[in-house]
Structure formats: structure tokens, C-alpha cells
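Student: I have a structure to go through. Can we check some of the terms used for it against their cut-offs?

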Amino acid sequence: MAPRHIIAIGGISAALRIRELDPATEVTVVVADAYPNFSICGIPYYVSGEVTHWTGLAHRTAADLAATGMRVLTDTTATKINVVEHTLDVLDSSGAPAQLSYDALVVGTGAVSARPPITGLTGPDPLGPGDGVHLLHSMGDTFAVMESLTRRNPRTAVIIGAGYIGLEMAEALTTRGIAVTQIEALPEVLPTVDPELGAVVHAELTRNGVEVLTSTTVNAIGRSESGALTVTATHDGHSLSRTADFVLVVVGVKPDVELAADAGAELGAKGAIAVDEQMRTNLPDVFAAGDCVHTHHRLLGLTWLPLGTTAHKQGRVAGENALGGTARYAGSLGTQAVKVFDLVAARTGLREHEARSADRGWTPVSTTATPDDHKAYYPGATPINIRITGDVSTGRLLGAQLVGHRSAEVSKRVDTYAAAIFHAMTVEAISELDLSYTPPLGSPWDATQMAAQAWVRDHRLAAERERLTV
């Protein structure tokens with residue numbers, strides 16, 4: 001018999017799947033703010049003005065959700081899971097305590113912004129939005145950023161962090177006419193790709209007027225005598241500082257696990273909630289999905305990859321199984337893409353050092369190629385930097401990284417590699433795929449195939465020639 005009442009904390013994807021499969025089951029979604037189904041990934045494009053109103057970030061309106069038959073409790077904070085009693089303690093929108101009963105519970109508490117140990121950002125009286133210093137991960141953060149941009153009308157900004165959101169916000173603030181300095185502690189921007197590809201993104205930032213400081217650690221955020229914000233950092237043992245009207249700190253997120261952990265949920269990779277492939281926790285009738293849980297990776301095993309695509313898939317599995325189903329999450333490959341001005345960078349699977357440290361018996365090697373996105377005789381052809389990683393022993397494709405112009409369909413080409421890795425294909429077998437071709441858009445051998453062929457020439461054919469000459 002299906003559960004009579006399921007509660008999802010966050011977890012709109014799970015709730016939608018439940019309503020899709022069994023409209024008779026009562027579903028209540030508990031949301032801590034007033035924005036139950038908004039695209040966090042779209043925030044930079046609202047800041048830039050490309051999304052003209054914040055309501056445009058809604059995947060579904062409140063009316064859309066209500067039409068499915070689910071009950072959505074906004075501005076309601078879940079405070080305690082009572083595992084034995086199968087109840088959830090909440091504070092409602094007025095701050096009054098209440099208790100909800102469930103037959104099954106889906107925890108989708110997501111992630112929260114990481115707050116690095118920077119003087120002025122931590123401590124008893126940290127700088128915050130009222131001072132022009134911001135974190136950015138929620139709609140509440142977004143409104144604080146927009147209010148600050150409107151009220152302060154900044155001419156200069158410092159962004160601490162050069163990952164996906166940091167790069168997107170560098171473009172967004174530059175689009176608004178703000179002079180941006182971007183500071184990254186690691187040797188190159190976009191550390192999810194190899195440094196030589198990150199350097200291509202670095203050059204694009206510089207070309208668009210962003211000052212980029214890498215291998216630079218921020219020590220403090222304060223105020224000068226004139227009242228401007230000051231950011232003090234260290235580079236190669238030397239101190240440097242920048243003044244700014246606006247500071248954004250985007251150095252990553254961490255899983256929000258307090259509610260589940262307090263109820264006795266086991267934690268896994270990177271301190272995220274441990275779940276099996278059916279998104280079950282160790283707690284009876286409690287499932288979890290999204291950025292708060294560890295990730296089953298098809299190549300690595302267990303890791304933690306807070307990605308929107310992953311969260312949506314996990315949510316559907318959790319919702320189906322909360323009804324009594326047997327769905328399984330097929331696993332992630334960490335496929336990602338980001339647009340930075342006129343460039344797109346993407347990756348899937350493993351980089352060489354990641355594959356080597358995975359201890360799976362692989363001998364990973366890589367080749368970088370720069371095929372054009374379409375036939376050179378058709379105007380506008382542009383090279384794509386493609387780095388292929390494969391196991392030299394078996395030829396298996398393990399990962400791919402791409403950086404190219406936004407016209408080069410980089411995000412779709414990385415999907416070709418993602419599908420190939422998902423099905424455990426060899427690098428050589430990519431050339432057998434029947435991919436589309438027309439001169440304005442591609443070549444008889446697609447760029448993805450030409451890069452794969454370069455890897456085969458460098459590694460498999462070279463190894464075969466060496467074997468034959470011994």
C-alpha cells in the first residue's frame with residue numbers, strides 16, 4: 001500500500017514525481033523561504049539584467065505547483081525530525097510551532113554558502129549585506145545583492161572565488177558597468193578544468209576588463225578611513241590590497257545536513273548525508289536527495305557533487321521510492337558547463353589526476369587537440385580546445401574537458417562524451433558514432449571525434465607500434 005502522506009523538505013522534484021505517479025497520495029512540501037521552485041543557477045543572469053524580473057527565475061509558479069495538488073508551506077522552517085513518531089516539527093510562517101505527521105519523508109535541504117576564515121567575514125560582528133559584503137546562494141541573498149547594487153551604485157567590486165558562480169558573477173557585474181577584480185587562491189581560475197584550459201578562461205576575463213589575481217589568498221575584509229571596503233590578500237609571500245564599493249564571496253558551498261544529522265542520519269562523503277542508490281538514508285522511511293547528500297559517481301564511487309542536474313534526478317528517484325517504488329539513481333559523471341563572456345568551458349568524467357587517484361587500476365593519459373567547430377571554408381569557424389583522458393591499457397574513455405567560443409556548441413559536444421562515458425565506451429569507439437554533419441555546423445568527423453582520434457594516435461597507436469617493433 002502506498003504511503004498516505006509524504007512530506008518533502010524542499011524537494012520539489014520528489015514531490016512532483018509523487019504527484020505524477022500517485023495523485024491520491026497527499027504531499028506536503030516544507031520550504032524555509034517564499035521561493036519553492038526557483039533556479040539558483042539563473043541568479044547571475046538576473047543580476048546582469050538579462051533576466052529582467054526575479055519571477056522569471058521560477059521553474060514553476062505557486063499556481064503551477066498548487067495545480068498538481070501538492071500543499072506547499074512557504075516560510076516554514078523544519079526544526080526536528082522525530083524518527084520513531086514519524087513526525088516533523090516546524091515553525092510556521094508566523095513563527096508558531098507545529099507538528100506534521102508523515103508516512104515517508106524526503107529531505108532536500110540542499111547546500112549553504114561556505115564562509116571562509118577571513119577576518120571581517122567571521123567573528124562576533126562580521127561585515128554583511130548592509131556593508132556591501134555578500135554571499136550568494138539563495139533568493140534571499142539575491143535580493144540583498146540587488147538592493148545593495150541599487151542603493152550603493154558601486155563602480156568597483158571584488159569577487160573572492162573564481163569557480164562557476166564567481167565567473168558568472170564577474171560577467172554579470174561587468175555587464176552592469178562595474179570594474180571587477182577577481183581573486184582566486186588556486187593557481188588558475190575555474191579549477192574544475194586543467195590549468196592550461198583555465199588559462200584560456202583567464203584570458204577571456206582579462207580581455208573583458210576583469211582584473212584577475214590567482215594564487216592569491218584573501219586574509220581580511222575591512223574599511224578604509226574613507227569608508228570604502230578594503231580587501232587584503234597575500235600573493236607569493238607579498239601583501240596586496242584592493243579597495244571596492246562591493247564585495248562578493250563565492251568560494252563554494254557545503255551540504256546542509258544539520259536537521260538530518262540531529263535525527264541520527266549517517267553522513268558520508270564530504271560530510272553529506274549518506275544514501276544508497278535508492279536515495280534511502282539509514283533512518284526508517286526517510287529519503288534524501290540533492291546537494292545535501294553524497295553522490296554516487298559512475299567512475300569514482302561515492303563523492304559529493306552539488307549540481308542541479310544531479311539533484312533533479314535524485315529527487316525523482318527519492319519521490320518514486322517514497323511511494324514504495326524501486327527506482328535507482330544511475331550515477332553522476334559531474335558533467336558541467338559555464339559561459340564566461342564569449343567562451344564556454346565544460347567537463348565530464350575525470351581529469352587525469354582524478355583518474356589516477358581513483359585507485360581503479362587505470363593508467364590514465366591525456367591528449368589536447370584544437371579542432372575547428374565546423375568546416376574552415378564556411379565563415380566563422382573557431383577552434384575548440386578539447387582535452388581527452390583515457391585508460392591507455394583498455395582504451396576506455398574516462399573524461400573530457402572543452403573550452404571554446406559560445407558559438408561552438410561546447411555544452412552539447414561535452415554531452416557526446418558524457419553519453420560515451422556513461423556507456424563505458426572506448427575513446428576509439430567515439431569515431432564510430434553516427435554524428436550529424438553540415439558545413440556551417442560541423443565536419444564529416446565531428447570535433448569530438450577528431451579529438452578522440454588524436455588521443456588514439458598519441459597513445460593507443462603509439463603503444464601498438466612500440467609493441468610490434470620490440
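Predicted model: local features only at pLDDT ≥ 70, side-chain atom pairs only at ≥ 80, totals over all residues.

Student: What makes α1 (residues 12–21) mostly covered?

Tutor: Eight of the 10 residues in α1 are buried. They are I12, S13, A14, A15, L16, R17, I18 and R19.

Student: Why is H297 called buried?

Tutor: Buried means under 20% relative accessible area. H297 has 7% relative accessibility, so H297 counts as buried.

Student: Where does H297 lie, and what does H297 touch beyond four places in sequence?

Tutor: H297 is in strand β19 (residues 295–297). Leaving out residues up to four places away, H297 touches T303, L305, S332, L333, G334 and L350.

Student: Which residues have the most contacts inside the largest nonpolar core?

Tutor: I81, V107 and I273 do, in a core of 47 residues. The element that gives the most to this core is α1, with five residues. Another core, of 38 residues, lies apart from it and includes Y46, A162, V189 and V338.

Student: What is I273 in contact with, beyond four places in sequence?

Tutor: The partners of I273 include V107, V257, L267 and H294. Contact here means heavy atoms within 4.5 Å.

Notes:
Residues numbered from 1 in each chain as written. Heavy atoms only, no water. Buried < 20%, exposed > 50% of the residue type's maximum accessible area, 1.4 Å probe, protein only. Helix = DSSP H or I, 4+ residues; strand = E, 2+ residues; numbered from the N terminus. Core = buried A, V, L, I, M, F, W, Y, C linked by side-chain atoms within 4.5 Å.
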